[in-house]
Amino acid sequence: MIDDKRNSIYLNARAWVLEAGQQIRNQINEPRIIGTKSNPNDLVTEMDKQIEAFLVGKIKETYPEHCIIGEEGYGDELTSLEGTVWIIDPIDGTMNFVHQRKNFAISVGVFQDGVGEIGLIYDVMSDVLYHAKRSEGAYKNEEKLSALNEDLKFEESLLGMNHYFLCQNRMVDEGVMQQLIRAVRGSRTYGSAALEFAYVAEGIIDGYLSMRLAPWDIAAGIVIVNEVGGISTNLDGKPLNLLEINSLLTCNPQIQEQLLTYIKKGRK
Ligand code: IPD
Ligand code: CA
Ligand code: CA
Ligand code: CA
């Protein structure tokens, strides 16, 4: 993608994400219309839909030739990542949005022929925007993020993960997760995959793992983490496919091999 074109897409994406965030803040104390999707804890609100409709409307109006993958169904049904593809999660961390009114993010990734070019993760209530363009570094608002710590030791690392790693599954039943948690320094659960990517990029956690994430949970994060020297794969260490559901490990490369070794023991 040529730089001028990419920069103007980035500036538009940034302006729309910030405007969407302002809409959410303006309405944060209004009563919510809460629905459920795949199960009673899989929440969706009128705001998830409003924000996706707003972003998709802006993109379609300005770039009718671009394609969109979005969580709430306002985008396109894609079978290929050819051309310019926007991958959008209007609210990542809907449960936090509903219960806490904070700790959620708007996540927007822009890919060109399958290559991540732009990533934006906006922590709406903190007004913190993590952003990156491929090969130009990653930023937290105006501050450039440092490259990830090359001296990181596995036993001193902090991992993000969600509560599924406490529930019954092969890795827990065979004790692998318990061994892993004892081997590292600690674990955190934030409830927003996008923010967990951003925290990996910021170096305030060293890895984040999940058994099941959708393309919109990870698209922007992959671009941002990549810019600080982080690495994102599935839990088998294989490349991610942005047209499918993936398992995920995004981390400081210093601990990737050891993490994958633990994970492999539990996935045999
Ligand atoms: C969810 C959040 C959560 C993760 C779930 C995602 P949503 O996204 O990222 O942290 O554990 O797997 O589905 O539904 O709030 O956009
Ligand atoms: Ca959701
Ligand atoms: Ca999400
Ligand atoms: Ca969402």
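Predicted model: local features only at pLDDT ≥ 70, side-chain atom pairs only at ≥ 80, totals over all residues.
Colleague: OK, take β7 and β8. How many bridges do they have, and in which sense do they pair?
Modeller: β7 and β8 (residues 138-140) are joined by 3 bridges in the antiparallel sense. Together they make a hairpin with 4 residues between the strands. In that turn, Ser 135 has a positive phi of about 70°.

Colleague: Which residue stands opposite Ala 138 there?
Modeller: That would be Ala 132. Ala 132 is also the bridge partner of Gly 119.

Colleague: So what's going on between β6 and β7?
Modeller: β6 (residues 115-123) pairs with β7 in the antiparallel sense too, over 6 bridges. Ile 118 faces Lys 133 of β7. These two strands also form a hairpin, again with 4 residues between them.

Colleague: Is Asp 127 buried or exposed?
Modeller: Exposed: Asp 127 has 12 other C-beta atoms within 10 Å, and 12 or fewer counts as exposed.

Colleague: What about Asn 141, where does that sit?
Modeller: Asn 141 is in the loop between β8 and β9. Asn 141 is another non-glycine with a positive phi, about 50°. Asn 141 is exposed as well, with 9 other C-beta atoms within 10 Å.

Colleague: Let's zoom out to the sheet. What order do the strands come in?
Modeller: The order is β3-β4-β5-β6-β7-β8-β9, so 7 strands in an open sheet by the pairing rule. The pairing is mixed. At the edges are β3 (67-70) and β9 (143-144), each of which pairs on one side only.

Colleague: Which helices pack on the sheet?
Modeller: One is α7 (residues 215-226), which touches β3, β4, β5, β6, β7 and β8. The direction of α7 makes about 105° with that of β6. Another is α6 (residues 193-202), which lies across β4 (84-92), β5 (105-112), β6, β7 and β8. α6 runs at about 105° to β6.

Colleague: How many residues of α6 are buried?
Modeller: 10 of its 10 residues. Among them are Leu 195, Phe 197, Tyr 199 and Val 200, and also Glu 196 and Glu 202. Just after the helix, Gly 203 takes a positive phi of about 80°.

Colleague: What does Ala 201 touch?
Modeller: Leaving out residues up to four places away in sequence, Ala 201 touches Tyr 130, Ala 138, Leu 145, Ile 224, Val 225, Val 228 and Gly 230.

Colleague: And the nonpolar core: which residues have the most contacts inside the largest one?
Modeller: Ile 121, Phe 197, Ala 201 and Ile 224, in a core of 73 residues. That core draws at least three residues from each of domain 1 and domain 2. In soluble globular proteins, nonpolar side chains tend to be buried together.

Colleague: Last thing, the whole protein. How many helices and strands are there?
Modeller: There are 8 helices and 14 strands. The radius of gyration is 18 Å, close to the 18 Å from the globule rule for 268 residues, so the protein is as compact as a globular protein of that length. The C-alpha atoms fill a box of roughly 50 × 45 × 35 Å along the principal axes.

Colleague: What share of the residues counts as buried?
Modeller: 41% of the 268 residues. As for contacts between residues at least 6 apart in sequence, 63% join residues at least 24 apart.

Technical notes:
Residues numbered from 1 in each chain as written. Chains lettered and ligands numbered in written order. Contact = placed C-beta atoms within 7 Å. Axes fitted to C-alpha atoms, helices over the stretch in contact; angles between N-to-C directions. Rg over C-alpha atoms; globule rule 2.2 N^0.38 Å. Buried ≥ 20, exposed ≤ 12 C-beta atoms within 10 Å, placed from the backbone. Core = buried A, V, L, I, M, F, W, Y, C linked by C-beta atoms within 7 Å. Domains from an automatic or database assignment.
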